[in-house]
Amino acid sequence: MKYISTRSKIEPINSAEAILQGLAEDGGLFVPENIPKVSLEEIGTLQAKNYEQRAVWLLKKFLTDYTEDELGECAELAYNWFDVEKRVPLIVLIQDPKNPVAPVGSLELWHGPTSAFKDVALQMLPHLMRMALKKVGETKEILILVATSGDTGKAALAGFADVPQTKVMVFYPDGGVSKIQRLQMITQRGSNVNVTAVRGNFDDAQTGVKKIFGDENLRVELDKLNVKLSSANSINWGRLVPQIVYYFSGYVELVSTNQIKPGDEIIISVPTGNFGNILAAYYALKMGLPVKRLICASNVNNVLTEFFATGTYNRNREFFKTITPSMDILISSNLERLLYHESGGDYEQINRYMSELNSVGEYKIDKTLKERLDKIFYAEYVTEDETRLFIKRMYDSFKYLMDTHTAVSIAALSKYRGKTHDFTPVLSASTASPYKFTGAVLTALGQSIDGVDDLAQLKMLNKLTSVRIPKNLASLSTAEILHEDVCDKDDMPERVLKFAEK
Ligand SMILES: *Cc1c(COP(=O)(O)O)cnc(C)c1O
């Protein structure tokens, strides 16, 4: 399997190179030349496999330049840190006695070391990168730079910690992340990690990192140290491909718990930000997983809802900070891959759309493409009140405790069912532990959190619900603080150089 760009005709490359490059030189995203097909029979064979084996089965279809042993090693190293045997368990929520085909399975993607769904991919990517370095004969050490507004930073640190031939450095806005997010980062162990606070907001940190990538002098200095910069953001193919696995796995779990029969169609609902998670579901559908429809669930930053309704993507709009911060996004980068595939690989068209998005902040897709998307997607957005309402409702009805992002998916699904009366069984992506967004969850449950700090809120929610606090969060209050550096944004390049010298 070779990889090409969404924006121009390039010489196809192997997956190892695509993973190391991240972004194509023309600014496009790497996509597989074709999407492999699987039969129902083959999906059935997953029943007997554990999660790691399911991952290998899927990965080897896309990462054909890796051996099965290598992929097996990646899967073991990635998922042995997940704190449940199933890795990505399925919790069946709704079984309406009047309507026996209406189950909703909550696919819990957050049992990894940082309690957020980003772990599923970021635990795997470092090992794919490390092996890719060998494959292409790269002897330099790679230094992963991350600017974070909270969750991605910790997931990247946990993923890259102590992975040979890599280093990871995270910049976060000083005072701009939650107490728990900060503690998660500054207590990170590992001989190859650095965490530095930047005086300023998230944009300052992000702009600083972008500048570093374009800093020619720094590149030369790093070159002398045999170090090369790289990133681990969600457009990297190596982050996307591990996400396809859990949709197949979730389907198989629905079958093995007798919620559906092999071959039955399902609906997949995904709380969407950068369009990575739902794009993975799209790949699963294209490969042959029986999926009737994908529900793209958004918060009030509803740029995608409008796009799927009208065919116009317009990022010129007010930006809202919400209780679902991981979905507060106006440019969903991975959408480009969907448009590429559904336009039949029309890279000239995609190039035009993306340059319009860049220059005027808006593009409109043509009618044929719009009609194709209509057949696959249903988009809906949810207000903050609705999000809180569904947290409370699902807890009261099923004693199922959801984080805010997960609740957006369930609430959007409920709107879909209300409008369409389509009660097809559902897989709904659950993207964070409720303990990652404790304040909003407690508020939704009617509790007052005035004067209760983040760590005390963990205990409060646990007392109220008896739901177990994930180990990594429970141990935060006693974990040793290892990273207390703070710098000005102009000093970021110097800090990078200093860390590279270590
Ligand atoms: C990143 C994230 C999302 C959004 O996923 P995308 O792949 O960016 O669409 C949703 N929920 C949580 C908790 C996240 O961390």
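Modeller: What follows is a walk around the ligand.
This is a predicted model, in which local features need pLDDT of at least 70 and side-chain atom pairs count only at pLDDT 80 or more, while totals for chains, interfaces and linings use all residues. Residues are numbered from 1 along each chain as its sequence is written, and side-chain values use heavy atoms, with hydrogens and water left out.

Around the ligand there are 13 residues, of which K118, G273, N274, N277 and T431 come nearest; a residue counts as near if one of its heavy atoms lies within 4 Å of the molecule. Sorted by class, this shell holds 4 nonpolar, 8 polar and 1 charged residues, where Ala, Val, Leu, Ile, Met, Phe, Trp, Tyr, Cys and Pro count as nonpolar, Asp, Glu, Lys and Arg as charged, and the others, Gly among them, as polar.

Turning to individual atoms, a polar backbone atom of N274 is 2.7 Å from an oxygen atom of the ligand, and a polar backbone atom of G276 is 3.2 Å from an oxygen atom of the ligand. From S326, by contrast, it is a polar side-chain atom that lies 3.3 Å from a ligand oxygen; a polar contact is a pair of N or O atoms within 3.5 Å. Of the 390 Å² of accessible area that the ligand has on its own, the protein covers 97%, with areas taken from the Shrake-Rupley method with a 1.4 Å probe.

Notes: A polar contact is a pair of N or O atoms within 3.5 Å; within protein, one must be able to donate a hydrogen and the other to accept it, and residues adjacent in sequence count only if both atoms are side-chain atoms.
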